[in-house]
Amino acid sequence: GPYQPHEPGYGLYQSGYSPYDDQIPDPKSRTLAIQNAKAYLLKSSTTSGLNLYDHLASMLTKILDEQPTNAVDIIENISKDVKWAQFQKKMDTLRDEHEILPTFEAAEKRKALFLTANGEGDEELEEEIGETPLPNVMETAFYFEQAGIGLSKDESYHIFLALKKLISVQPIKICRFWGKILGLEMNYIIAEVQYYEGEEEEETEEEEVIEEGGKGMDEVEDEDEEKEKEDEPPKSTYKPPPVIPEEENGTGANKYVYFVCNEPGKPWVKLPPVTPAQIVCARKIKKFFTGRLDAPVVSFPPFPGNEANYLRAQIARISAGTQVSPIGFYQFVEEEGDEEEEGGGGRDTCEENPDFQPLSVAEMVDSLSTWVHHVQSILKQGRCVWFNPFQKSEEEEEEEEEEEKAEEPDELQQETGPPLLTPLSEDEGIQNIPAWTAQPSTNLIPQHAVAVLQSNRWPGAYAFASGKKFGNIYFGWGHKYSPENHTPALPPPVQAEYPSEPEITETRDPTLEEELAFKAAKEAALAAVEEEEDEEDVEEDEEEEDD
Amino acid sequence: MEAASLLAALELVAGGGAGLSPEKRAVLGSSLLLLQRDYRFERVWFWGCIQGVRGAYYIAEGLGPDRAAPRSRLYSLNCVEWSLLPPATKEMVGQAEQLKGRFQGDPSFEYEYTEINAEDAERLIEDGKEPMIKEEVRLVATIEQIDRAVGIIPRGAFVKTPLGSVHENRNFEGLSLTEAKKLSSYFHFTEPVNLKNKTLLEKADLDPSTDFLDSLEHDIPQGSWTVQLEKGGTVVVLRSLLWLGLTFYHVPMTKQYGYIYFGSGEKNLDLPFMM
């Protein structure tokens with residue numbers, strides 16, 4: 001029959017089974033009752049094929065095996081689990097037992113990092129042990145860990161091996177783990193690299209060839225245009241503002257080349273060099289990175305490039321703003337003729353100082369003038385060395401004499417920025433917050449403490465110094481700190497159609513009343529003229545008659 | 001995150017680059033235990049660290065028998081000595097919301113109220129109170145806001161008993177990998193707001209013992225959480241974009257989960273522009 005909930009106590013006092021029953025129950029009928037009960041329990045369910053007897057048996061076996069505390073409180077869950085386990089077994093015969101999880105593929109890739117390339121002989125091993133561009137990532141990670149900054153140890157080790165793989169593939173002179181930038185779907189691990197001189201020329205040659213081919217095409221088109229000059233509509237006199245060229249590879253903002261990968265084990269991708277227009281635009285927008293290098297950057301002002309360019313621009317800004325070293329570690333390169341400086345540009349390279357004397361940790365922490373920037377800062381123009389876009393070469397001046405001279409825009413003022421190796425005490429803070437926060441890594445053991453700097457302008461940029469060692473790193477989302485909310489740039493005002501001059505001015509169209517009044521006045525004038533003519537005719541006639 | 005599993009958990013959230021130095025890790029192991037003894041908490045959670053300009057605040061939370069009751073919060077400047085924070089009130093939260101900029105790192109620092117809202121300041125002067133907000137008040141309000149907005153737990157980790165109190169679910173074996181990638185498998189561990197607005201059909205599917213909280217699916221703005229698989233796909237890490245620095249981790253098919261905050265304690269109001 002159906003399951004009926006009764007009031008508590010029902011069924012306990014049926015005749016024959018109550019403990020208060022004085023009658024001695026008949027053994028035969030008792031066994032019969034037990035058999036009936038067991039037969040009922042063994043009845044299979046019509047819907048699921050299970051029976052209560054087996055289910056209770058397996059449940060009690062599970063409980064007795066596992067002996068959970070307070071089993072009575074979770075008995076329903078245990079029952080559900082047992083049923084679920086039953087159900088799963090049936091499904092296994094239909095499906096493959098081994099699921100290929102995506103985690104297995106990822107583990108394969110990470111394992112590949114640990115396999116050494118087998119084709120190398122002993123000679124190459126000796127060379128590697130000498131000077132190698134591979135940085136000691138674990139050592140830097142140890143120092144940063146003293147300040148509580150850094151990735152987990154095994155992730156650092158994976159990055160170490162991934163950098164080793166990068167070096168074996170590319171001709172790299174110096175390599176450094178720059179940091180990690182977080183993104184929405186995936187993160188970026190970034191390596192800063194300098195090639196051997198002469199290794200990068202291949203790419204630039206290709207670009208020059210393409211440009212020359214383009215110029216050839218232009219000449220042919222000019223000839224065609226001259227023939228059609230008669231019928232062409234007037235050309236607009238709009239000249240777009242001059243494009244500021246990007247800096248040469250190896251100088252300024254493009255001094256280093258950056259490689260990124262999403263996870264150690266995935267292939268490294270080279271980021272393209274950065275142009276000043278990209279830096280200028282990156283200063284005005286604030287966007288999260290998605291983790292895919294080819295993702296478009298939808299913003300206003302429209303960013304000239306995709307996510308790879310935006311990432312490169314942010315890396316350039318962060319490097320220029322936060323790469324610091326203890327004073328004296330780097331010194332200027334001494335060359336002949338140092339006194340002549342072109343246009344007040346200042347020196348742009350520095351080299352390691354072999355006579356570097358490290359300061360104590362207490363001194364490094366107390367004052368910010370013991371740290372200096374060793375990367376050139378980026379000017380407002382987007383370059384490290386100012387470029388005058390209106391400076392004409394000799395060829396251009398000759399051409400101008402032949403053609404009409406167009407209006408020359410005002411000359412731009414040369415922009416200057418802080419020179420290389422400026423101490424951090426010159427850095428401007430934001431409102432009343434200093435640009436950097438300096439702390440020792442521990443107050444309990446000052447003898448072995450590490451001096452740690454945190455940037456407040458670029459949250460996520462850190463630097464440490466301990467004895468002769470120092471390092472910079474970045475862990476963050478890749479954005480600058482601003483206490484005010486980000487206000488996107490407004491679109492520019494509507495452009496005027498033509499300049500307003502005395503010869504050409506816009507007046508209002510005449511209204512209907514004015515037109516009618518003008519017409520009436522004109523008709524009146526005509527009528528007056530006709531009357532005069534009539535009178536003259538009449539006079540002439542009269543004169544004729546008189547004769 | 002649970003104080004007992006702090007060391008393992010810190011390894012799992014280190015993907016964002018923030019963590020604790022070995023010194024702090026070592027001292028927290030013992031000082032959190034002592035907190036449990038002194039305040040008679042049933043559970044102690046290490047909530048995280050708010051970076052100020054001159055120093056950092058380390059925050060711990062203590063839970064009583066009902067895990068959903070308001071939690072006691074304590075702060076420390078060095079992880080050794082802890083001070084209890086007053087419970088947060090709506091007034092505190094309202095005042096602190098108007099403050100902008102970084103924390104200073106000094107709990108007795110006072111913010112000038114007159115800079116923010118001149119009218120309120122005048123009202124306060126009339127009442128006889130001084131128009132200043134202490135950094136401690138701001139700290140309390142910020143922690144309350146962060147917990148309410150982005151403090152999350154996986155679905156099924158806590159059960160509500162018929163008497164109304166909330167306990168850990170001892171039957172929780174962890175989310176499966178597919179479930180762990182969905183935002184609907186995570187709940188805000190705070191008073192539910194949207195639960196009453198669900199349609200009857202949706203409510204019929206819910207299990208009242210485990211689904212008594214708001215899920216992350218309908219968070220405004222959409223896309224304010226990033227879900228990533230780290231460490232070769234073995235850990236699911238959720239990071240909040242509204243409060244940058246909040247990281248939640250869960251190892252699928254195990255009982256390991258928790259959230260921690262390492263950041264400057266400021267809300268990311270530029271979020272709609274950045275997505």
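User: What share of the 547 residues of chain A count as buried?

Analyst: Heads up, this is a predicted model: local features need pLDDT of at least 70, side-chain atom pairs count only at pLDDT 80 or more, and totals for chains, interfaces and linings use all residues. Residues are numbered from 1 along each chain as its sequence is written, chains are lettered from A and ligands numbered from 1 in the order in which they are written, and side-chain values use heavy atoms, leaving out hydrogens and water. Buried means under 20% relative accessible area, exposed over 50%, and partly exposed in between (1.4 Å probe, protein chains only). With that cut-off, the buried share of chain A comes to 31%.

User: Is A:H373 buried or exposed?

Analyst: You'll find A:H373 in strand 8 (residues 371-373) of chain A; strands (E, at least two residues) and helices (H or I, at least four) are DSSP runs numbered from the N terminus. Skipping neighbours within four places in sequence, A:H373 is in contact (heavy atoms within 4.5 Å) with residues including A:A320, A:V324, A:L420 and A:D427. Its relative accessible area is 8%, so A:H373 counts as buried.

User: How much area is buried between chain B and chain A?

Analyst: Here 41 residues of chain B are in contact with 51 residues of chain A. B:R170, B:F273 and B:M274 supply 16% of the area that chain B buries there, more than any other three residues. Buried area is the accessible area (1.4 Å probe) that two parts lose on being put together, summed over both. Carbon and sulfur atoms give 48% of the total, which is about 3,600 Å².

User: Which residue of chain A forms a salt bridge with B:R25?

Analyst: A salt bridge is a side-chain nitrogen of Lys or Arg within 4 Å of a carboxyl oxygen of Asp or Glu, and the interface of chain B and chain A has three of them. B:R25 is in helix 2 of chain B, and its partner sits in helix 6 (residues 137-145) of chain A. B:R25 has 21% relative accessibility, so this arginine counts as partly exposed. The closest N and O atoms are 3.1 Å apart, and the partner is A:E145.

User: Why does the salt bridge of B:D270 and A:K286 join two chains?

Analyst: The closest N and O atoms of B:D270 and A:K286 are 2.8 Å apart, and both residues are buried. B:D270 lies in the loop between strand 14 (257-263) and helix 8 of chain B, while A:K286 lies in the loop between helix 9 (276-282) and helix 10 (307-322) of chain A, so the pair joins two chains.

User: How far apart in sequence are the parts that B:E168 and B:R43 tie together?

Analyst: Their side chains meet in a salt bridge of 3.1 Å, N to O. B:E168 is in strand 9 (residues 166-168) and B:R43 in strand 1 (residues 43-51) of chain B, so the tied parts are apart by 125 residues.
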